[in-house]
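Work through these exercises with the sequence and the 3D view side by side. Try each task before you read its solution.

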Amino acid sequence: MNKESMKGKWEQLKGGVQKQWGKLTDDDLDVINGDRKKLIGKIQEIYGITKEEAEEQVKKYKF
């Protein structure tokens with residue numbers, strides 16, 4: 001999914017994203033607001049993984 005599509009559908013996607021990455025809070029999701037880079041950064045920060053690992057997880061996730 002491209003950047004613009006993700007932002008446009010963020011409200012619909014939030015539930016699935018939170019299910020996939022359960023440590024993300026509602027506040028985290030509000031800050032991310034459909035921004036792929038912010039999502040990757042937040043996953044990296046919260047789960048203590050590398051940027052590459054977070055990018056791979058997001059890439060594999062079916063939006």
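**Exercise 1: Contacts of K42**

Task: find which residues K42 touches, leaving aside its neighbours within four places in sequence.

Solution. Step 1: K42 is in contact with L24, D28 and I32, once those neighbours are left aside. Contact means heavy atoms within 4.5 Å. Helices are DSSP runs of H or I with at least four residues, and strands are runs of E with at least two; both are numbered from the N terminus. Step 3: K42 is buried, because its relative accessible area is 19%. Buried means under 20% relative accessible area, exposed means over 50%, and partly exposed is in between (1.4 Å probe, protein chains only).

A note on the model: it is predicted, so local features need pLDDT of at least 70 and side-chain atom pairs count only at pLDDT 80 or more, while totals for chains, interfaces and linings use all residues. Residues are numbered from 1 along each chain as its sequence is written, and side-chain values use heavy atoms, with hydrogens and water left out.

**Exercise 2: The sides of α2**

Task: which residues of helix α2 are buried, and which exposed residues does the face turned away carry?

Solution. Step 1: in α2, residues 10-20, the buried residues include W10, L13, K14 and V17. Step 2: they cover an arc of only 125 degrees around the axis, so they lie on the same side of α2. The arc is that of the directions from the helix axis to the C-beta atoms. Step 3: the face turned away from this buried side carries the exposed residues Q12 and K19.

**Exercise 3: The whole chain**

Task: how many helices and strands does the chain have?

Solution. Step 1: the chain has 5 helices and 0 strands. Step 2: read along the sequence, the pattern is α-α-α-α-α. Step 3: of the 63 residues, 32% count as buried.
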